[in-house]
Amino acid sequence: MKIPLKYNLRSLLVRWVGTLMTALGIGLTVAIFIVMNALVNGLDSTFVQTGHENNLIVIRQGSQNESNSYFDRNLYDTVRLLDGIARDSSGEPLASGEITVIINHPRLTGESSNVLIRGVTEMGFKLRPEVRLTAGRMFRGGVRELLVSESLSRRFQNMQIGKSIHIARSDWHVVGLFEAEGTAYDSEVFAGYEDVAQEWDRPIYSSILIKAVDAQAAGRLKKRIEDDQRIHLQGLDQKEYFRAQTISSVGIKALGFFIAVVMGIGSCFAAMNMMYSAVLGRIKEVGTLRALGFKKRSILSSFLIESVILALFGGVLGCLMALPLHGLSTGTANFMSFSEVLFHFRITPAILLKGLAFAAVVGVLGGILPARRAAKIKLVEVLRD
Amino acid sequence: MKEEDQTAMKFLPFLLRNVFRNRRRTLLTVTSIAISLFLVATLLTVLSELNEPPSTPDGALRLITRHKVSLANILPIAHKDKIATIPGVKAVVASMWFGGVYKDPSNFFANFAVTTDHVFELYGDDLRMSDAEKQAFLKDRTGCVAGRKLAKRFNWKLGEKIFLKGTVFQMNPELTLRGIYEGPDEGSLFFHWEYLNEGLNNANICVMFFIKADKAEDVPRIAERVDALFQNSTAPTKTETEKAFVLGFISMMGNIQLLITSICSGVIFAIVLVAANTMAMSIRERTREIGILKALGFRRAHVLFLLLSEAIVITLSGSLIGSWGARLLYSNMDLSTMTQGFLQRFYVTPQTLTLCALIGLAVGVVSAGIPAWQASRRSVVDALRRVV
C-alpha cells in the first residue's frame, strides 16, 4: 500500500522555513547549472547555425582557418570556373573571393579585443542571404566604408552609424548595420574587398566561398580542388567548418562540468541534512504509519519521494532564477579565427529539463540514506518512547 | 580583555559539546560547506591566475611590440636594429608565432621562431639550461629548445628529430632538439627565426619584438620611444609590458571576472542557507535549554555569544577544510600539463585562503544571527513553557 503524496506535501509545508531554505540552496545550484549550459549552448549554436548546405569554403592547404589562409588572386578564376558551381540569375558563378583581417579594437568597457573584418564584393552577400541590412546603407567601394553587425555596434567603441574608426593609415566610416540571424557572421564587419586588400597591402584572397549545385557536385568539387597539385587549395564544407569552431566552448564546458559536479555533491549533503532532520523529527509519525500497516518499503519510498519533491521544488526555483538571463548577449575569444565571437545565453526547454533532472538526482542521492533510516524505525522503539 | 578571554575559554568545552551534540548534522553541514568553499577557492584561484599572470624578475623588465592594428599584422625585421639603438634597451628578440602542428592538430603546443642573438639575455632565468645546451642550440641552425614539461609530454630526448607542419606559413621545419629548458612556462618550443625566414624566401618579417630593459624604471619610457619611432612608418607599432600584453590576451576571452564572481556569490549564498537551516534546527531543539541557561543567570549577550560561536566553529571549520583541501590537492596535481599550458601554476594563494576563512566567519555570523538573536531575546518563562 502506498502512502498518499499529500502526506509528504503537508510535511514539507509544516516545516516551510527549512523546506524553503533547502530548496533555495538546491535552486541556486540548479540555476548555476542552467546558466553554464545556456552559455555553452548559445556559443555552440552560433556556430552550428552558420553556413548553408552545399557551400564550400576554399582555403589554402595546411591552414585550418580563413584567418591564416592566403593565396594568389589569380587562383580565383581557376576555382570560380570549375564545373558544378551554381550560378545566379545573370549566369555568374556563385563564388565569392574574400579577404579576412583582424583589428584590435576597444570595447565600450575599455579593454580591447580582436574584431574580424571581411573584405567582400556583392557576391559575398548573394552567398549569405542571412545577412540583412537593418540600418543605414550598403558600403561603397573605394571610399573606406564599413558595414558593422548590430551585436558588434552594441559592444565596441565607434562602431555606430556615422562614427569612424582609424585603422592602419585611414579613417573608415561606419555607414550601415546588419543582422545575420544569430550566425557567426553577427560577429563580423564587412567592407569592400579592394579597400581592405589595399589598406593591408595584401593583394591576396583568404578564402573563396562557393555554392555547388547539389550535394554530389559539392563532393566532386571538393575532390577536384584538393587533387589539383598546382593550386594547393582545399574545399571545406561550410557547415562543418563552423561546427569545428565549437571547440571555442571547451573551456566553459570544462568549467561548467566541474562546477556542476562539485555543487551537486554539496547540495546532496544539504538535502541529506534536511531529510535526516525531517525523519528524526517524525519518528512517532512513522511508528504510527507502521502500526497502521504500511510496509517498510512504502515508508522508504515515501521519504525518498519527499526528498525528490523538495529537490524538484528547488529545481523549479532554479529555473526561475536562471530564466531572466535568457537572451543576454556576451562574447568570448574564438581561438580558431583569433577574433571575438558574440553570442546569446540560450535557455531551451531541454536545458530546463536537464536542470530539473539534475535536481531530481540531488533529491534521490540526498534522500536515500535518511529514507532508509526512516524505514528502519521499529514500532517497539516508538511505543517505548 | 584578559577576563573575557578566560570567559571564552571557560565555555569552550560547553561549546564543543553543543557542536557535537548532533554529530551527523554537524558532519553533513561541515561537509557541505567544505565542498562549497573548495569550489570557491578553486574559482578564486582561476581568477587570480588569470588576473595575475606568473611574473618573474626578468619578466618585469620585458616589453612586447606588435603591429598597431593587431597581432595578425606583420612587422619588418628591420625594426629590430632600430629598437636596439634606443638607450636603456638591453636585448631585442624578433619572434613569430609559427603555429606548427606536431603529427596531429590535437598535439597542440606553442611554438615560436625567434632570433637567437639575444634570446638567452632576454629570457634570463626564465629559460634555464646548461651552457652546453645553449651553445648546441646556437650553433645548429635547425636546432630547437623545448620546455621540460613539453619534452616530458612527448618523451623527447636531446637530439630528437621534431618535424612540424606549418599552418600559418607554408613551411615544414625539420628540427633537432638541442636543449630542454626550465622556467615559469615549460610548455613551448623555440627554433631559429633565420631558418623560418629561409623557408619564406627571405620575407624578413616577424610578428612581435620582445624587448628587455636595463632597469625597471626605463620600461615606460622605452615603450613610448619605440612607438614614436615607428609612428609614421608603414608598420606602426604598439608596445606594452609583457604583463599588460598577457592581460590583454586574457580579456579577449570575455568577462570571466563577472562570470566567476557571480558563481561564487551564488555558492556563498547557498551555504548561508545551508548553515542557517542547520542553526535554526539546532537552536529550535534547544529552546528549553536556553531557557534554563537564562534562568541560571546567563545574560542575553552570553547566550548570543555562545550560539554565534557555535555556528562559527561549524562554518569556519568547513571553510578551512575546503580551502586548504583545495590547496593540498592542487599543489599535488600537474594542472599545467592537464590543461595544455592554459593554467600555469594554479596555486591557491594565501590571500585566497584568508578570504575563504573570512567567508566562513561571515557565513557563521549571518546564518546564526537571526535564530540566535530570537533565542537570546526569548523570556525565560516563554522558553521553558515552549514544547518542542
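**A helix with two sides**

Tutor: Gladly! Let us begin on the outward side of helix 8 of chain B: the exposed residues B:Glu224 and B:Ala228 sit on the face turned away from the buried side of this helix. Please keep in mind that this is a predicted model.

Helix 8 of chain B runs over residues 219-230, so to speak a stretch of 12 residues. From its first C-alpha to its last it reaches 17 Å, close to the 16 Å expected at 1.5 Å a residue.

Now turn to the other side. The buried residues in helix 8 of chain B are B:Val219, B:Ile222, B:Ala223, B:Val226 and B:Phe230. They cover an arc of only 105 degrees around the axis, which puts them on the same side of helix 8 of chain B.

In chain B, an open sheet of 10 strands has the order 4-7-8-6-9-5-3-11-1-12, with mixed pairing. Its edge strands are strand 4 (101-102) and strand 12 of chain B, each of which pairs on one side only.

Look at strand 3 of chain B, residues 89-97, which pairs with strand 11 of chain B, residues 208-213, in the antiparallel sense over six bridges. Within strand 11 of chain B, B:Phe210 is the residue that stands opposite B:Val93. Strand 3 of chain B is also joined to strand 5 of chain B (residues 110-114) by three bridges, and these two strands run antiparallel. There, B:Met96 has B:Ala113 in strand 5 of chain B as its bridge partner.

You can find B:Val101 opposite B:Lys165 in strand 7 of chain B.

Stepping back, where does the helix belong? Chain B is divided into domain 1 (2-54 + 254-385) and domain 2 (69-235), and helix 8 of chain B, at residues 219-230, falls within the bounds 69-235 of domain 2. Taken over C-alpha atoms, the centres of domain 1 and domain 2 of chain B are separated by 49 Å.

Finally, a glance at the partner chain. Chain A has 13 helices and 14 strands. The radius of gyration of chain A is 30 Å, well over the 21 Å that the globule rule gives for 385 residues, so chain A is more spread out than a compact globule. Its C-alpha trace spans about 95 × 45 × 35 Å along the principal axes of chain A.

The contact between the chains takes 43 residues from chain A and 38 residues from chain B. On the side of chain A that touches chain B, the largest share, 12 residues, comes from helix 9 of chain A.

Terms used: Residues numbered from 1 in each chain as written. Chains lettered and ligands numbered in written order. Predicted model: local features only at pLDDT ≥ 70, side-chain atom pairs only at ≥ 80, totals over all residues. Domains from an automatic or database assignment. Pairing = 2+ DSSP bridges. Helix = DSSP H or I, 4+ residues; strand = E, 2+ residues; numbered from the N terminus. Expected span 1.5 Å × (residues − 1). Buried ≥ 20, exposed ≤ 12 C-beta atoms within 10 Å, placed from the backbone. Arc of directions from axis to C-beta. Rg over C-alpha atoms; globule rule 2.2 N^0.38 Å. Contact = placed C-beta atoms within 7 Å.
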